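I opened this notebook to keep track of what I looked up in one structure, going from the whole chain down to single residues.

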Amino acid sequence: LVFDEWEPAIDWLAIRSGLPKEQTLKLERPGAKEFRNLVLNEYGNKCAVTGFSSSEAIEAAHIVPYYGLESDDIQNGIPLRADLHKLFDIGLLKIEYVNGLKLFQIQIHEFIKPDYSGIHLASLNLPEDVTSHPSKKALEIKNELHKSKWITI
């Protein structure tokens, strides 16, 4: 089978720079940078689920969704790799405090478990300072927001 391998146009950079552009307004949330720094520093600049340490791919996730500067509390934040943050926000990854084991356990929804089975039932990596651990109440509220996704028939 003979085929021509795709190549970009010789002047692709010039073409790209000449494409029409839309101007959008990007609003920087007050306190976003400080919250991210606080959460990442407290957790040793690592994802609390995987231990992944490339900080460019780690985000500070709010447990109870952001509702102003009051929600930028260390106990309402967890550093998560970007894909895990998205899954956490939409309720396909949840974190529960297991009293008997005294740990925060990660649960992966059946829908995505084939791709994330390695972290299902793992425990959250926590900072040494217990006053920086996630709020159990915040996690209960977060899990309640997505409860209908976890109901099995």
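**Overall form**

I began with the radius of gyration, taken over C-alpha atoms, and found 20 Å for the protein, whereas a compact globule of 153 residues would have one near 15 Å, by the rule of 2.2 Å times the number of residues to the power 0.38. Along its principal axes, the C-alpha trace spans about 65 × 45 × 30 Å.

I noted that this is a predicted model, in which local features need pLDDT of at least 70 and side-chain atom pairs count only at pLDDT 80 or more, while totals for chains, interfaces and linings use all residues. Residues are numbered from 1 along each chain as its sequence is written, and side-chain values use heavy atoms, with hydrogens and water left out.

**Helices, strands and surface**

I looked up the secondary structure next and found five helices and four strands, these being DSSP runs (helices H or I, at least four residues; strands E, at least two) numbered from the N terminus. Their order along the sequence is α-α-β-β-α-β-β-α-α.

For contacts, meaning heavy atoms within 4.5 Å, I took the pairs at least 6 apart in sequence, and 56% of these join residues at least 24 apart. Of the 153 residues, 35% are buried, where buried means under 20% relative accessible area, exposed over 50%, and partly exposed in between (1.4 Å probe, protein chains only). The accessible surface, from the Shrake-Rupley method with a 1.4 Å probe, comes to about 10600 Å², and 55% of it belongs to carbon and sulfur atoms.

I also looked up the charges, with Lys and Arg taken as positive and Asp and Glu as negative, and His and the chain ends not counted. There are 17 positive and 22 negative side chains, and the centres of the two sets lie 6 Å apart, each charge being placed at NZ of Lys, CZ of Arg, CG of Asp or CD of Glu.

**S132 and Y43**

Which residues does S132 contact, leaving aside its neighbours within four places in sequence? I found E42, Y43, I74 and P127. S132 is found in the loop between α4 (113-116) and α5 (136-145), and it counts as buried because its relative accessibility is 5%. Its side chain makes a polar contact with the side chain of E42 at 3.0 Å; such a contact is a pair of N or O atoms within 3.5 Å, and within protein one must be able to donate a hydrogen and the other to accept it, with residues adjacent in sequence counting only if both atoms are side-chain atoms.

Y43 lies in the loop between α2 (32-42) and β1 (58-62) and is buried, because its relative accessibility is 8%. Beyond four places in sequence, Y43 touches several residues, among them A48, G77, N125, S132 and H133.

**H62**

I then turned to H62 in strand β1, which counts as buried because its relative accessibility is 9%. The side chain of H62 makes a polar contact with that of D72 at 2.6 Å, and its contacts beyond four places in sequence also include R29, F35 and F88.

Most residues other than glycine have a negative phi.
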